[in-house]
Amino acid sequence: MVGEAIRGEFPIFEHATYANSCSQGALSNRVRAAVDEWIAGWDENGAEWEYWVERSEAARARFARLVHADPDDVAVTTSVSQGVSAFVSALDFEGERNRIVISDFEFPTVGQIAHAQALRGAEVVRLASEGDGATITPERFAEVVDERTALVCCTAVSFRTGHRHDVAGIAEVAHASGALVLADSYQALGALELDVTALGADVVTGGTVKYLLGTAGLGFMWVRGSLVETLLPTQTGWFADEDIFAMSIADYSPHASARRFDSGTPPVPSLYPGVAGMELVLEAGVPAIEAHVRTLVDRLLAGLDELGATVATPRGEGERGPLVCVVSTDPNTLVEALAAERIVTSTRDLNLRISLHLYNVEEDVDRILEALARHRALLA
């Protein structure tokens, strides 16, 4: 169910054109009902610990389905920040292999966590984008990755330009030098088909606030099963223990699975809407969503070309996803002008960001293009 078939589930389309899923997914009736369910259960029963734990496991299972993984290889986190912090806390940066490679396209979370590891002996190598400012190829990673590299970080889709990384190619480069690979999939998950085996990364992260149609406060981290036993995180919590209800303070006993990267009490208020949002995406089917969005993006790009707009997002079929970035002379003013016409978008750097999802239709694209034509002076 995509396009018109699902659109009635999202009340915002009764009064606005929503094209900002790269920031936050639109609110559905089902997600709103899930929040009400959480409140009603708390009100009626008080402590619902067993059901709260069940919701956490339900979230784990759905994250696993979305990336074609085993649930035991998935940690449930409050955010990508929490998951990545736990992961890097298990890495040793005191030896010769102490380098972390990041690119200009990382979300601040990953860049800031990488630089924080300098306190533990890490050296951060920052990889700039190509001359076009929009892409970074695996060959560029090969220029900086060597036997001193412990970790290579990349994004599945850049939040800055909409560029879709060749994660598998980057992973091949990193693994050839013995480095691990972390792929942040937040801007892809739910809009692009992701298979962790095909991606080739060792760690894949994401969350629910964008294309998974949930709210903030819930994420996941998949860790390659063969790698889990070798990683002992020092950032932990009681839900990461081998027996969470043993309530033992006698030792450190991390769970044998990727649950060792869970943290403290689960993010209960985010579990209910998160699971509901993921169910909507899974019912629609990510391959169907990807095909639907690709058609809309093609229509948008054709219209932008007619306007003579400068598009920062690469045009190659495998180089883009649901996010199109358009260069603006004053992006903040342009976003405000569109908002005045009830068109919701966002901006990063000098780009207007237009992000399409399963609930968008051709009429949305046409309305956006018509508005941009009226504000052509704000396009580069």
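1. Which residues of β3 lie on one side of the strand and which on the other, and are they buried or exposed? The residues on one side are Arg99, Val101 and Ser103, those on the other are Ile100 and Ile102, and all are buried, with both faces of β3 covered; buried here means under 20% relative accessible area, exposed over 50%, and partly exposed in between, with a 1.4 Å probe and protein chains only. Because five of the five residues of β3 (residues 99-103) are buried, this strand is largely enclosed by the rest of the structure.

2. Some remarks on the basis of this note. The model is predicted, and local features need pLDDT of at least 70, side-chain atom pairs count only at pLDDT 80 or more, while totals for chains, interfaces and linings use all residues. Residues are numbered from 1 along each chain as its sequence is written, and side-chain values use heavy atoms, with hydrogens and water left out. Helices (H or I, at least four residues) and strands (E, at least two) are DSSP runs, numbered from the N terminus.

3. Strand β3 belongs to an open sheet of seven strands, in which the pairing is mixed and the order is β2-β8-β7-β6-β5-β3-β4; two strands pair if DSSP finds at least two bridges between them. The edges are taken by β2 (74-77) and β4 (123-127), each of which has a single partner strand, so one side of each is left without a neighbour in the sheet. From one strand to the next, the twist averages 20 degrees; axes are lines fitted to C-alpha atoms, for helices over the stretch in contact, and angles run from 0 to 180 degrees between N-to-C directions.

4. Within this sheet, β3 and β4 run parallel and are joined by five bridges, and Ile100 has Val124 as its bridge partner in β4. Strands β7 (residues 203-207) and β8 (residues 219-223), by contrast, pair in the antiparallel sense, also over five bridges, with Gly207 opposite Gly219 in β8. Helix α3 (residues 49-66) lies across β2 and β8, and its direction is at about 125 degrees to β2.

5. There is also an open sheet of three strands, ordered β9-β12-β11, with antiparallel pairing. Its edges are β9 and β11, each with a single partner strand, so one side of each is left without a neighbour in the sheet. The twist in this sheet averages 35 degrees from one strand to the next. Helix α11 (residues 286-307) packs on the sheet and touches β9 and β12, its direction making about 10 degrees with that of β9; contact means heavy atoms within 4.5 Å.

6. Strand β12 (residues 351-355) has five of its five residues buried, so β12 is largely enclosed by the rest of the structure. Asn351, Arg353 and Ser355 point one way from the strand, Leu352 and Ile354 the other way, and all are buried. On one flank, β9 (residues 323-327) pairs with β12 in the antiparallel sense over five bridges, Val324 standing opposite Ile354 and Cys325 having Arg353 as its bridge partner. The hairpin of β11 and β12 has two residues between the strands, and in it Asp349 takes a positive phi near 55 degrees.

7. The loop between β12 and α13 (362-374) contains Leu358, which is buried, with a relative accessible area of 0%. Leaving aside neighbours within four places in sequence, Leu358 is in contact with Met1, Val2, Gly3, Ile6, Leu213, Ala284, Ile289, His292 and Val293. The C-alpha atoms of Leu358 and Ala5 are separated by 9.6 Å, although these residues are 353 apart along the chain.

8. Helices α2 (residues 29-45) and α10 (residues 268-284) pack with their axes 8 Å apart, at an angle of about 150 degrees. The two are therefore roughly antiparallel to each other, given that angles under 35 degrees count as roughly parallel, over 145 as roughly antiparallel, 65 to 115 as roughly perpendicular and the rest as oblique. Among the residues that meet across this packing are Val31, Ala34, Val35 and Trp38 in α2 and Tyr272, Pro273, Ala276 and Leu280 in α10.
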